[in-house]
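Trainee: Could you walk me through this structure, please? I would like to learn how to read it step by step.

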Amino acid sequence: MPAPKKNARRSLLLASATLLSVSLTAPAAFAAPRPTPSSKPSSSPSRSATPPANMSTVGGARLGRPGTQVNLASGVPVLPKDVTARSWIIADAESGEVLAAHNAHWRLAPASTLKMLFADTLLPKFPKTATRKVAPSDLAGIGSGSSMVGIKENETYTVHDLWLGVFLRSGNDAVHVLSAMNKGVKNTVQEMNQHAEELQALDTHVVTPDGYDAPGQVSSAYDLTLIARSGLQKKDFREYSSTVTAKFPGETAKNKKGKSVRKSFEIQNTNRLLTGDYDISQYPGIAGVKNGNTTNAGSTFTGVAERGGKVLLVTVMNPEKDEHNEVYKETARLFDWGFKAAGKVEPVGELVPPKGAADAQPGATASGQANDAGSGEAGGGAGTGGDSAKPVASATTESGSSGIGIAFAITGGLLALLAGGAFLVNRRWPLRRR
């Protein structure tokens, strides 16, 4: 096939499938190796500055080795020297190839990046228009000092409101209300662990659905990248994770005329690669995903970005350098390297498909949302890359919230082909690289 036709077909798939055709393409090893008992680390997050000598080898033997794993060769740029994170990974979202990694399977506290697993597990369960009147018991057990969106007892919220609270403000209160709708925190945690197992995110053990520090709660840069890749298959996951600002319902109060009125207030996404900050620019081509910060975890972040037809996933866990927005600055440097190295560097491993990928059927829903029918964090200017990449076109969600970086959606007016994108994803899982 002549190159122009191939490029045109690739652009069509990217524009129409909104990461559907790129987020879950099968890598080579269809049956991923499971960690052996001898190589599986303990379930407690490491407080040591030194990674375990033996870690999981899911995705390839090199990913289980401590230290930086990369195949430097002629034409491959040198990795940035100012990356201090305990663990990080750079992966091609389409092919699943891991371009480079550092302690990829080190089991560490995940903080609110664990909310990606929460969302990937629960998003399909409730239609956006479903409502919940918040009972005091819904907000019980939220950890002290938790990030909150501002949910009030005895007020009613839509599921759409709650998901905006989860993704934009990392609201543990919103997580607990959605968990209450899902038969409680205990059931939700159980389902999240089952979903992690299905995704082959075997470093992950969930104790709290919101990522709040808890003994034994762990994940890894590798697993968080797998989870993000799965979540990005869902349209609603993509839209929520890339929304910059939104209106959120406030408390009901009486106005001067004695009439009950419920006002709203604006919330902003805490992902600084998406919004920018005084010491960091919005990263060109950014399209999500989720940030986190707790005492045990430090700062964590998983991001997805597109440039020049390439879609990369980067996860960074716990930078040792204690500077404002450091996790985003290091992520931006790794993105920059990845876009320069893509197509030149030999991969060191791969992102494995879910266990059930072989059983995926064409035509499955790609929305990641229950049917609504009838339901009542580039530092200091870095990261520009020197090319024409810009943030992906902004869009407005149906609630009037603004979004930037809903990758490949909207453009070309090809949203009608989303179902076809889902078909391609499912059809391509069983394929093996030749």
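Mentor: Let us begin with two terms: two strands pair if DSSP finds at least two bridges between them, and helices (H or I, at least four residues) and strands (E, at least two) are DSSP runs, numbered from the N terminus. This is a predicted model, in which local features need pLDDT of at least 70 and side-chain atom pairs count only at pLDDT 80 or more, while totals for chains, interfaces and linings use all residues. Residues are numbered from 1 along each chain as its sequence is written, and side-chain values use heavy atoms, with hydrogens and water left out.

Trainee: How many bridges join S9 and strand S10?

Mentor: Strand S10 covers residues 310-319, and S9 pairs with S10 in the antiparallel sense. One of the bridges has Phe 301 with Val 316 in S10 as its partner. The hairpin of S9 and S10 has two residues between the strands, and Gly 308 there takes a positive phi near 55°. For S9 and S10, the number of bridges is eight.

Trainee: And which residue in S9 is the bridge partner of Ile 286?

Mentor: Look at strand S8 (residues 286-294), which pairs with S9 in the antiparallel sense over seven bridges. S8 and S9 form a hairpin with three residues between them. The partner of Ile 286 in S9 is Ala 305.

Trainee: How many residues of strand S9 are buried?

Mentor: Buried means under 20% relative accessible area, exposed over 50%, and partly exposed in between (1.4 Å probe, protein chains only). Strand S9 spans residues 298-307 and is mostly covered. Of its ten residues, the buried ones number ten.

Trainee: Is the pair of Trp 163 and Phe 167 stacked, edge-to-face or tilted?

Mentor: Rings of Phe, Tyr and Trp (its six-membered ring) pair if their centres lie within 6.5 Å; planes under 30 degrees apart count as stacked, over 60 as edge-to-face and the rest as tilted. The structure holds nine aromatic pairs. In this one, the ring centres of Trp 163 and Phe 167 are 6.2 Å apart and the planes are at 50°, so the pair is tilted.

Trainee: Which helix holds both Trp 163 and Phe 167?

Mentor: Trp 163 is buried at a relative accessible area of 0%, and Phe 167 is buried at 2%. The two are four residues apart, about one turn of the helix, and they both lie in H4 (residues 159-169).

Trainee: How far apart in sequence are the parts that Lys 234 and Asp 120 tie together?

Mentor: A salt bridge is a side-chain nitrogen of Lys or Arg within 4 Å of a carboxyl oxygen of Asp or Glu. The side chains of Lys 234 and Asp 120 meet in one (2.4 Å, N to O). Lys 234 lies in the loop between helix H7 (221-231) and helix H8 (235-242) and Asp 120 in helix H3, so the parts tied together are apart in sequence by 114 residues.

Trainee: Over which ring does the charged end of Arg 262 sit?

Mentor: A charge sits over a ring if NZ of Lys or CZ of Arg is within 6 Å of the ring centre and within 35 degrees of the ring normal. Arg 262 also forms a salt bridge with Glu 155, the closest N and O atoms being 3.6 Å apart. Its charged end lies 4.7 Å from the centre of the ring of Tyr 157.
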